[in-house]
Each structure stands twice: as C-alpha cells, then as structure tokens.
Amino acid sequence: MQTNDELENSIIINRRPTKENEFIFPHMGTIGHVERMFNYIEENSNLKIETIGRDELPMNTGVRGYRIIKT
C-alpha cells in the first residue's frame, strides 16, 4: 500500500474504461453532460429526476433546477 505522499507524486501509467456506474465530467461542462448519469440513476433505483419548470424558479437569473422524486 502506498502512502499519500507516494500517491501524490505518482504518474498513472495504466488506465481503464469507466464502469457503467462511473461518470466523468469536464470542469467547465454544461448540465447536459449529466444526462447519462440521470438516466442511470432512474434505471437503477426508485428515483425519478425531473426538470423544475421555469415558472417555479426565480425570474431572469439564468438558473436551472432538478427535482428528485421517489417512485
């Protein structure tokens, strides 16, 4: 087992593809990048993720909202 200092000063030379339950996003990515993750959650749980309508959010703020519901 490596120490944190050894890990911090390491280079990753082996990579693997992401697993079906792993999701990697760019730092400056848009919310659209999480759609695949939302679909996975809905398909593998009793949760449903829906968009909150504009009429329920503050006006002219440019925000987007999501609601998670147990089914």
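This is a predicted model: local features need pLDDT of at least 70, side-chain atom pairs count only at pLDDT 80 or more; totals for chains, interfaces and linings use all residues.
**Entry 1: partners of Arg67.** I then searched for salt bridges and found that the structure holds 2. In one of them, the side chain of Arg67 meets that of Glu56, at 2.7 Å from N to O. I checked where the two residues sit: Arg67 belongs to strand S2, while Glu56 is in the loop between S1 and S2, so this pair ties together parts that are 11 residues apart in sequence.

Another salt bridge links the side chains of Arg67 and Glu50, with 3.0 Å from N to O. Here Glu50 is in strand S1 (residues 47–51) and Arg67 in strand S2 (residues 66–70), so the pair ties together parts 17 residues apart in sequence.

**Entry 2: the network.** I put the bridges side by side. Arg67 pairs with Glu56. Through shared partners, the salt bridges join Glu50, Glu56 and Arg67 into one network.

**Entry 3: Asn60.** I went back to the loop between S1 and S2 and found Asn60 there. Asn60 has a relative accessible area of 79% and is exposed, because exposed means over 50%. Last, I looked up how far Asn60 is from Arg36: their C-alpha atoms are separated by 28 Å, and the two residues are 24 residues apart along the chain.

Key: Residues are numbered from 1 along each chain as its sequence is written. Side-chain values use heavy atoms; hydrogens and water are left out. A salt bridge is a side-chain nitrogen of Lys or Arg within 4 Å of a carboxyl oxygen of Asp or Glu. Helices (H or I, at least four residues) and strands (E, at least two) are DSSP runs, numbered from the N terminus. Buried means under 20% relative accessible area, exposed over 50%, partly exposed in between (1.4 Å probe, protein chains only).
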